[in-house]
Amino acid sequence: MAQVEAVNVGTPRAIERSNGTVETSAIWKSPVEGRVPLRGVNFDGDDQADRRVHGGPDQAVYAYAIEDTEFWEAELERMLGPGAFGENLTVRGLDLNRALVGERWAVGSALLEVTAPRIPCWKLAKKMEDPFFIKRFAAAGRPGVYLRILEEGDIGAGDEIEIVARPTEHEVTIALMNQVLLFDHQDAELLLPAPIPARVRAWAEEIAAYSSTK
């Protein structure tokens, strides 16, 4: 049975880049007890530092599998635990790479929809204390998934995750979308049948239009 291992939240904090500049990030998230309301574009007690690239309707919730966390614990030879990747939902029993863009999850009293994989940035490398971690994360092909909120509700550890709908009009999985976004840009047209976020669609359409003129 797929279920929620932990609900994790965090607020922005100051972090120093390698060049000495100070920015903010909310990638540090910790498990919270009890049921946590999910409304608007956040869990209660959670936030993002830069809404231009993080958060918002298409990235309201980030889910990462505990099985993938355990893979990284073996790779890095240290304990990580729930929230280590800045995820809001640590989940168990789901192969997130096989999730279809647009599939819907009933979790607690909320309804969520899969939108995209996580594209790593320098903040993840900072969190993992490894300047090369962005490349390692990308190469591992374990990006986790972003979700939008279709129905607000509350979620707690132990809640079952039920996949209540899967698109039949396309076969765009998180694994495929991740591969195209990070490596195989020439295949961007493959993403267009799926309900991908607007900025990803604009990018994919531009790539597809350029490819058609070659």
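1. Basis. Residues are numbered from 1 along each chain as its sequence is written, and side-chain values use heavy atoms, with hydrogens and water left out. Because the model is predicted, local features need pLDDT of at least 70 and side-chain atom pairs count only at pLDDT 80 or more, while totals for chains, interfaces and linings use all residues.

2. Glu 77. This residue is not a glycine, yet has a positive phi of about 60°. Glu 77 sits in the loop between helix 1 (66-76) and strand 8 (89-92); helices (H or I, at least four residues) and strands (E, at least two) are DSSP runs, numbered from the N terminus. With a relative accessible area of 74%, Glu 77 is exposed (over 50%, with a 1.4 Å probe and protein chains only; buried is under 20%, partly exposed in between).

3. Glu 129. Glu 129 belongs to the loop between helix 2 (122-128) and helix 3 (133-140), and counts as exposed at 71% relative accessibility.

4. Second largest pocket. Its volume is about 150 Å³. A pocket is an open set of points on a 1 Å grid over the protein atoms alone, where a 1.4 Å probe fits, with protein on both sides within 12 Å along at least five of seven lines; lining residues have an atom within 4 Å of a point. The volume is the space filled by probe spheres set on the points, which are joined across faces, edges and corners.

5. Lining. The residues that line the second largest pocket include Glu 16, Arg 17, Trp 122 and Ile 134. Helix 2 gives the largest share, 3 residues. The lining divides into 4 nonpolar, 1 polar and 4 charged residues, where Ala, Val, Leu, Ile, Met, Phe, Trp, Tyr, Cys and Pro count as nonpolar, Asp, Glu, Lys and Arg as charged, and the others, Gly among them, as polar.
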